[in-house]
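Okay, thanks for making time, everyone. I'd like to walk you through the contact between the chains and then some ring pairs. Let me put it up on the screen.

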2 protein chains.
Amino acid sequence: MKATRQRVVVRSVRPEVAGGRFPAKVIAGRPVEVRADILCDSHDVLAAVARWRPAGAKRWFETPLALDVNDSWSGSFTPPELGRYQLTIDAWVDHLATWRRDLRKKAEAEVVEELDLRTGAELVEALLPQASAAVSRRLEQLVAALTDPGLELTTRVDAGLSDELIDLAAPLDPRHESVRYDRVVEIVAERPLAGFSTWYELFPRSASTEPDTHGTLRDVIDRLDHVTSMGFDVLYLPPIHPIGEQHRKGRNNVVNAGPDDPGSPWAIGSRHGGHTSIHPELGTMEDFRALKAACDEHGVELALDIAFQCAPDHPYVTEHPEWFKERPDGSIQYAENPPKKYQDIYPLNFETSDPDGLWNELRSIFEFWLAEGVRVFRVDNPHTKSLAFWQWCLDDLSRRYPDTIFLAEAFTRPKLMYELAMRGFNNSYTYFTWRRHKWEIEAYYTELTQTDVVDFFRPNSWPNTPDILTDQLQYGGRPMYVQRLVLAATLTANYGMYGPAFELMWSEARPGSEEYLDNEKYEIKRWDVDQPHSLREVIALINRIRHAHPALQQDRTLTFHHVDNDQLLLYSKSDEVSGDVILVAVNLDPHHVQAGMTWLDLDALGVADDEEFEVHDLFAGGTYRWSGGENYVELEPHISPAHVFEVRTHSTEHDHERNR
Amino acid sequence: MKATRQRVVVRSVRPEVAGGRFPAKVIAGRPVEVRADILCDSHDVLAAVARWRPAGAKRWFETPLALDVNDSWSGSFTPPELGRYQLTIDAWVDHLATWRRDLRKKAEAEVVEELDLRTGAELVEALLPQASAAVSRRLEQLVAALTDPGLELTTRVDAGLSDELIDLAAPLDPRHESVRYDRVVEIVAERPLAGFSTWYELFPRSASTEPDTHGTLRDVIDRLDHVTSMGFDVLYLPPIHPIGEQHRKGRNNVVNAGPDDPGSPWAIGSRHGGHTSIHPELGTMEDFRALKAACDEHGVELALDIAFQCAPDHPYVTEHPEWFKERPDGSIQYAENPPKKYQDIYPLNFETSDPDGLWNELRSIFEFWLAEGVRVFRVDNPHTKSLAFWQWCLDDLSRRYPDTIFLAEAFTRPKLMYELAMRGFNNSYTYFTWRRHKWEIEAYYTELTQTDVVDFFRPNSWPNTPDILTDQLQYGGRPMYVQRLVLAATLTANYGMYGPAFELMWSEARPGSEEYLDNEKYEIKRWDVDQPHSLREVIALINRIRHAHPALQQDRTLTFHHVDNDQLLLYSKSDEVSGDVILVAVNLDPHHVQAGMTWLDLDALGVADDEEFEVHDLFAGGTYRWSGGENYVELEPHISPAHVFEVRTHSTEHDHERNR
C-alpha cells in the first residue's frame, strides 16, 4: 500500500510509442530529448531524473530533468552506441529546494522569522549522516551560520540561499516521496544512416553502356562514380533474383511476354532459383560480391529489394504449396485486386497451416543477404504481409544486426503505414509525391515531425519511383523537377529518387495515368546520363548542402513559417548542437514569379526580436540582410524555384570565428 | 507463439483514460460511443465487436462495430445502471464478406469465373457444422444455387450476394484470426446528475429574513422555493461545521476578528467539534436532517462543502498532532503562500507518520455525511491534498455509494486539474470565469469537449464564486451578467453560481482585485431577492430551456461555428437520441450592437445543404427562416446579448408531429 501513497505523479512520457507497446527510434550518439509531465499536490518544489541504461545492463545512468512550463519537464541523454535502451523516470519532492524558494520570497518581503531558519537547518542536518566527513563539516558550518543569532539576518539568509549549500546537499537528497514512472520505455538507437540518407534507385538491367545489351551487376560498378558524384549514399537495386518465366509480363505490363521481354524483377523465382539466387542475366554471386565490395570502396550502401511474393515457377510453389492459398480446383491462387488479376504473382498465405516454416524461411532470406554484408533493405509491399510476422522478424534481426535498415514500401492507408513503422521498419516511404499544395505539405509534415509520429516513423520522401510519375512531373517541366527535388531533400532528412528517370526528367506517362510509359519494370532502357539537360549538377548541389548542414540531417526541428502567398512555402530546420539553421523558401508555382512577405517565427531561427541577421542562399546564391519577422521573398521558377538560406546571426558568426 | 501470429490489430480505443490507468466516465442509461482503429495487412474485409459487461459479471455482451473511415471503427452500448463496467474489443478477418465484396466487383466487371463461385460455396459449407438443421438446410440450398452449372450465372451470383446468405451465415462466423484488444478498459457509469446539473450556492448564515440575525439551516428551508423556482437542482452550502475561534479572521479577511465577527466557514473546527459537527449558530443535526428532508421534497440535492483543513482549535490538532507538520519549536505549521501567512488554518500533512489513521479519518467524514443521505460534495482545494489519497478514497466511496458526486474545486494548473478528475472527481470547476475572448472560449471548450479530456473531466462552469468576481462582472453591467449566464448555462451541461450575489448583480469588489468587497465569507449578509433588478426570471428562463432541451444536457456535441465578427460567438449542441439541436449566438461586447454573417457547419445542425430551416429563439423570442450556411445575426446587448435558437428542420417538424 505504501507505494500508492506517494504524492508525485509522472505522466505523458516521451518518447513512448503506442502506450509503451513498441520501442521509440533514436540515433546512436545523438541527444535524445526526454519529456514528462510531473505533478504533485500543493506547491512543493519537485526534482526529477531520467534513468536509462542499455537493455540488459545492470546499472542505470541518471540525467536531470528540468521544469519547462505547465508541469512539463525535459532533459536529454545520449545513447553511446547502437542497440536497445531502457528509460524510466524518477521524481520526488525536494524539501530543501521548497524551503529555499520560500525563504527567498520571505527575505524579499522582509518577513523571515527565526523559526524559518531553524526549519532549514533541520533539513540540512537530516542529510549529514549520508555526507562524507568533509562535506559534513562544511554543511555544519553553513547550519551554524543559519542558526547563529549573533549574525546579521542577511548573513544567515545568505547562508541558506547559497549555491554552495545546494551543491553540497543535492547529492545527499533523500528523494522524499520518490516515485518511478510505471513503465520502462524501450528505445532503439539506430545508426546515423537511418536518420539521414540519400537514396538512388537504378535497374541493373539497364546499366550497360552497350546498346541492346542486358546490363549486369558488373555494369553497375561502372555507374558508382556517377552515383556518388551526385552525393548519394544508398544505391538501391530492384530485385536481383531470377525472374519468373511462367505468365511473364511483357513490355508495358501486357499479359503475355514476347520471347525477348525480360519481365518484371518483382515476379520472383524460376528454375534458376528464388530469393537467395541471382538472375542469371545479371551475373553470379561472385559478381554480386564484387559489386558489394565496390560499393564499400565508394562509401555507398548497397540496398536490396526484398519482395515476399513468388512467380508461378518459384521453387517454393512446388516445395511448399502449403504456403499458398489453394483454389477449389487445387490450383494456387494468384494475386487479385478485383476485377484485376495478376497471374504472374502468387502471394504468400500468412494463414498457412505451417507458419513456423514460412516465417523461418522468409527470415532466412534476410539472413542470407545479411551474411553477404548487405545492411539496407527496401521491403516491397510489407502491408500485404502479416504485421505480426514483421514484428517478430525485424525485432530478431535488428537485435542480431543492429546496423540494418529496413525501408517500408507501403503506399497504403496512414494508420497501416504507422503500424508497420511501429513493428520495426526504420524508414518509410511517404505520401510526399501526392502532397503538392501548401496546406497539404504543411499539414502532412507537421504530423510527421511535430507529433509523436516522429518517435517511430522515419519519413523517406521520393519525388518519383518506377511506379509513380505524377502529373506534376509530367507537365511541370524543369521548374517542377527542381521544386520537388528541393522539397524532398529538405523537408525530410531521408530522401531518394528513381535516379536516371529523375535526373534526365523522363516524363512520358501512359495517357491519363501517373505511370511511366514504356516502364523500365518491363524492359531494358538505355540512359544517357551525359545529356545536357541533366539535373545532375542541381542534384549534386542540393546533396552537398545537405551533407554540409546538420540542420538538414534531422526532422524534429521542422517549422513552417507564414508567408502571405499560397504559392510560397517557407520552412526552417535547425541543429541544436552546431547551431546550424536553414530556411527554405519554395515557389510551388512552376510557371510564374511569386512574391510575398514573410512572417518569420524568429525563435525557431534563433534570432532575437530586434536582431539584424543575414540569409545566404546556398542554392541560388545571394545574401540578404533581414531584420524582424517581415521580409520580402520573390522567386522566378525558371531561374530557381527555391531559396535554401543559411541563417547567420551575430552569434552564429561569433561561433564560426571561435571554431576557426 | 500462436497468439502473436494474428493478423488483425486493435489500437487507439476510446473511451480509454491515460492509457487505461483510470476509468472513463459515462452516464448510466445513455449510449456510450466506442471507437477503435482496427487494422489488418492486405485488403481483407474485417469485422469487430465491442465486448462489455458490468465489472464482476461473468457474461460479456457484444455490440457490433462498423467501419467509418480510414480504419476507424465505431459502435455504441448503453450501460443499464450505475457502477463499473469493463470494455474490450474483438476483431477478425471476415472471409465470407471478403469473398462477397470481390464477387460483387467481378460481377460488375463481368469476369466471374466458375472457381469464384466454388470458392464461396466452400466458405459457406465450412459453416454448416455449426448451423441448426433449418439454417443448414437453407444454406445448402444457397450453396446448391451457387454451384449449379445449369443455372444462369446471374442467378448463381445473386445467391452469393443475397442478404439472406449473410444473415444466416454471419452468426456462424468462425472469426478467423480473431484478436482481442490487449487491455480491458474500465468505465464508470454515473447518475444523470453527474452529467447535467444546475448549482446554486448560498451561505446559510445569511438565510434569515430578520435583520441582524444569524441565519440557520431551518432558514435555508424557507429559501428552497426561491431556489427551485429558478430551476436549480443542487443547493450547495459552504462548510456548516463549527468555525474556529483561535486566530479567527474578521470582516474583509482582517487578521483579528471583532467579538461579533462570524469568521470564515472554511476555518473548520472548534471546541464545538470538527468536520462531522454542525456550527452551533446554524443549528443541530436535527435541523440538518430537516433541511435534507425538505430538499428531498423540493427535488433539489443538498451539496456539502468538504474542506480538509483545520482551525487551530479543531479537535484533530490536540488528538492527532502527528497529522500536522511540526515546526522546530514544537508548534504546528499554519498555511503559507510566502510571504502570505494563514494563521487561522492548519493544513494536513500527507507525509504524516500515520497515513492509515489520517486517510481513514478523512474518508470517515464522507462516510458520516453519506450516512445522513448526502450524495453531492463540493471538495475544497483538493489539489492541496495527496492525489493518491483521492484515488483511494473516491474509488472506495464510489463503489459503495455509486450515486455520489464529488465536485473538485481546484483552480490550479491544467494538468493537475485533469489529474484530479482522473483520480475520481465526477465534476470539476473550470477556467470559465477567465475565458472571455472568442478565441479563448473556443480553444478551451474545444479542448474540454472534443479531445479525450471529455472522457474523464466533466466541466462545471461558474460565472462567479464567493472568491471570484471578475472585472467583467464588476464593470459589464446587466448585459455582461446575462451574457455570462447564457455562456455558463449552454457551453457546459453542468453549471452553477454563487446565487444571491449573481442574481442581484452584486458587483462591488475590493479595488484592484477580483474579490468581493465585504465578502460574505467573513460576515453575514441580507439578500433581498425581491429587488426589481433581480435576474431571477432570466435565470429561470435559461434553466427552463436547459431542462426542456436534451441538446443542452451533454457536452460531447459542442461545435463552434464561424461568424465573421470577433465579438460574436456561435456554437451548437445536439442530442442524437431526440434529434434536438440548439444553436447559441452570444454578443461578447456588453456595450455595442454587434452583427455578422454566419458560416454554419450544417452537418452539426443536422441540416441538408440545400434545406430551408427555421431557428426559433427560445431566449429572446423570434423565429427566422434560414437556408444554407450564410445567415445574418445581430444582437443588441442591452435587450438580449444572446440568441438561444432551437433549430427546426423539415425532418424534425415531422418528428414532432409523429410524436404527438
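So, a salt bridge here is a side-chain nitrogen of Lys or Arg within 4 Å of a carboxyl oxygen of Asp or Glu. Keep in mind that this is a predicted model. With that rule, A:Arg413 and B:Asp71 make a salt bridge, and their closest N and O atoms are 2.8 Å apart. The count between chain A and chain B is 18 salt bridges. On chain A's side, the elements giving two or more residues to the contact include β1 (8-14), β3 (32-40), α1 (95-108) and α12 (414-422).

How much area do chain A and chain B bury between them? About 5,600 Å², with 49% of it on carbon and sulfur atoms. Each chain gives 63 residues to the contact.

Okay, rings. We get 82 aromatic pairs over all chains. One of them is B:Trp199 with B:Tyr236, edge-to-face, at 6.4 Å centre to centre and 70 degrees between the planes. B:Trp199 sits in strand β10 and B:Tyr236 in strand β11 of chain B, so the pair ties together parts 37 residues apart in sequence. B:Trp199 is buried, at 1% relative accessible area, and B:Tyr236 is buried too, at 0%.

Next, B:Phe308 and B:Trp390: their planes are at 20 degrees and their centres 5.9 Å apart, so that pair is stacked. This one links a loop between β12 and β13 to helix α11 of chain B, 82 residues apart.

How values were computed:
Residues are numbered from 1 along each chain as its sequence is written. Chains are lettered from A and ligands numbered from 1 in the order in which they are written. This is a predicted model: local features need pLDDT of at least 70, side-chain atom pairs count only at pLDDT 80 or more; totals for chains, interfaces and linings use all residues. Side-chain values use heavy atoms; hydrogens and water are left out. Contact means heavy atoms within 4.5 Å. Buried area is the accessible area (1.4 Å probe) that two parts lose on being put together, summed over both. Helices (H or I, at least four residues) and strands (E, at least two) are DSSP runs, numbered from the N terminus. Rings of Phe, Tyr and Trp (its six-membered ring) pair if their centres lie within 6.5 Å; planes under 30 degrees apart count as stacked, over 60 as edge-to-face and the rest as tilted. Buried means under 20% relative accessible area, exposed over 50%, partly exposed in between (1.4 Å probe, protein chains only).
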